[in-house]
Amino acid sequence: MRRRILLLVVGMTTLVVLAFAVPLAVLTHNVIGEQADKSIAEQARGIAASLRTARPSRSQLAAYVTRQIRDTGHPVSVRLPDGEFVGSTPADGGGNPAGGGAPSDAPRPPEGNGPRPIGANDNPPQVTSAAGGTVAFAIAPTPAGFNQVRVYLADSKRYDGIGSWYLLIVGVSVGLLVLGAGAGELSTRRITRPLVRTAHTAQQLALGDTSARAPTDGPREVAEVGTALNRLADRIDELIAEERETVADLSHRLRTPLTTLRLEAEALRDPAEAERIGTRVSDLERMLSAVIRAARRPEREGRIPTSDASAVVRERVEFWSALTDEQGRHSDITVPDGPLRVRASAEDLAAALDALLENVVAHTAEGTAFTVTLERTDEGARLVVADVGTGIPHAAEVRGRSDRGSTGLGLDIARRCAEGAGGSMAIGSGPSGGAVITLLLHSP
């Protein structure tokens, strides 16, 4: 999104710069040409004025014209009243001895070349096109007649220096584009950074971290989105807290009828029957206590529960070892040294591993070997429980579905634990056809 906004800003800036740069370049081209025409016209006017006032001799006029050519670089010629030329004008510039007279629109003296008063027919210089360039004509009346001054400007020199102006325009345009891109980058960062952080907050909320909050700075619209998301997170937090307290309260209310049931069991005359019922009541009381602890666990462990997966796996494997050893099951246990923190409570992870080990014990023949492997990953940890039995039927992970006489809840408990830790569960088959169940757990 930031790249698209930046491209849009740069594109708009480019259009604005082009809208000014192109007309400015055309205007510069025209102004340079007009200045060049004005320059040769002023030069022709100056030469004509000098001829009117100084009245130089032919030799003085030739020296004067030579200096003009040397100083300005423009070919200059003067046609005297007797028709002779002084100076040099290119053959294709018009008005030289070889090329003939001036163009038809050039200023001309009155009819006849007889003496005229100084200032008579003092026409202003005129600039007209000629072959390969431009010629400025001026008339210089003298007592001896009219002198025609001609200054030639080649097209190749008419726009001398325009390249530096073009470079200046291009440089300013590039500078404006750079400034526009920089301003666009700052603007897009100011817009997109809060959005990126808001999206990250939404992802954290989706993963169960209800303590995450979005930023409320930046543009007003973005800040309003962050504020609304924070209100939603607060409400979710309140609802979860209320639900957990409700579950805990309901579970606690069951203690009263359980106590009554225990008293009635103790009052039975048959000691064996009283012990049997008392044992069942004790199991139910432990389950209620576990429900209460689970409901209120976030208040004790924080919003995101964590545990040491290595310690949990060692403890549960040790717990099940008494039964697996009795059944003659060979086990291969691999657990990394040191703690391995995962985003799951010790109770949930223990319940998930118990469910997987119970599947091995309940659904494979005695003596069937199994392995438990816990290893580190970039995201957190991978827990694999595999056996060499007959495998797991299709769709066995669906909650409540079982074709082997069980409740069908074990694999679902493991799956929910993995997903609650930000990971997933995968069911596969090993080389011998046995079940391979993998839990991916993310780190806190």
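Two residues are in contact when they have heavy atoms within 4.5 Å of each other. The exercises below use this idea on a predicted model.

**Exercise 1.** State how many helices and strands the protein has, and find what share of its contacts between residues at least 6 apart in sequence join residues at least 24 apart.

*Solution.* Begin with the inventory, which comes to 10 helices and 12 strands. Then turn to the contacts between residues at least 6 apart in sequence, of which 63% join residues at least 24 apart. To complete the overview, consider burial, taking a residue as buried when its relative accessible area is under 20%: of the 444 residues in the protein, 36% count as buried.

**Exercise 2.** Describe the open sheet with the order 2-1-5-4-3, and explain why one side of strand 2 and of strand 3 is left without a neighbour in the sheet.

*Solution.* The order names 5 strands, and their pairing is antiparallel. Strand 2 (85-87) and strand 3 (126-130) stand at the edges and have a single partner strand each, so one side of each has no neighbour in the sheet. From one strand to the next, the twist averages 25°. Helix 2 (residues 58-72) packs on this sheet, where it touches strand 1 (76-79) and strand 2, and its direction makes about 155° with that of strand 1. At the other end of the order, strand 3 pairs with strand 4 (residues 133-142) in the antiparallel sense over 5 bridges, and Thr128 stands opposite Val135 in strand 4.

**Exercise 3.** Work out the arrangement of the open sheet with the order 7-9-10-12-11, and locate the helix that lies across strand 9, strand 10 and strand 12.

*Solution.* This sheet also has its strands listed in order, 5 of them, but here the pairing is mixed. Strand 7 (331-334) and strand 11 (424-429) are at the edges with a single partner strand each, which means that one side of each is left without a neighbour in the sheet. Neighbouring strands are turned by 10° against each other on average, direction ignored. Strand 7 pairs with strand 9 (residues 370-376) in the parallel sense over 4 bridges, and the bridge partner of Thr334 in strand 9 is Thr373. The helix asked for is helix 9 (residues 346-363), which runs at about 20° to strand 10 (380-387).

**Exercise 4.** Characterise the lining of the second largest pocket.

*Solution.* The pocket holds about 190 Å³ of space. Its lining residues include Leu51, Arg55, Arg58, Thr142 and Asn147, and the lining as a whole divides into 6 nonpolar, 3 polar and 2 charged residues.

Technical notes
Residues are numbered from 1 along each chain as its sequence is written. This is a predicted model: local features need pLDDT of at least 70, side-chain atom pairs count only at pLDDT 80 or more; totals for chains, interfaces and linings use all residues. Side-chain values use heavy atoms; hydrogens and water are left out. Two strands pair if DSSP finds at least two bridges between them. Helices (H or I, at least four residues) and strands (E, at least two) are DSSP runs, numbered from the N terminus. Axes are lines fitted to C-alpha atoms, for helices over the stretch in contact, and angles run from 0 to 180 degrees between N-to-C directions. On a 1 Å grid over the protein atoms alone, a cavity is a set of points where a 1.4 Å probe fits but cannot get out, and a pocket is an open set with protein on both sides within 12 Å along at least five of seven lines; lining residues have an atom within 4 Å of a point. Grid points are joined across faces, edges and corners, and a volume is the space filled by probe spheres set on the points. Ala, Val, Leu, Ile, Met, Phe, Trp, Tyr, Cys and Pro count as nonpolar, Asp, Glu, Lys and Arg as charged, and the others, Gly among them, as polar. Buried means under 20% relative accessible area, exposed over 50%, partly exposed in between (1.4 Å probe, protein chains only).
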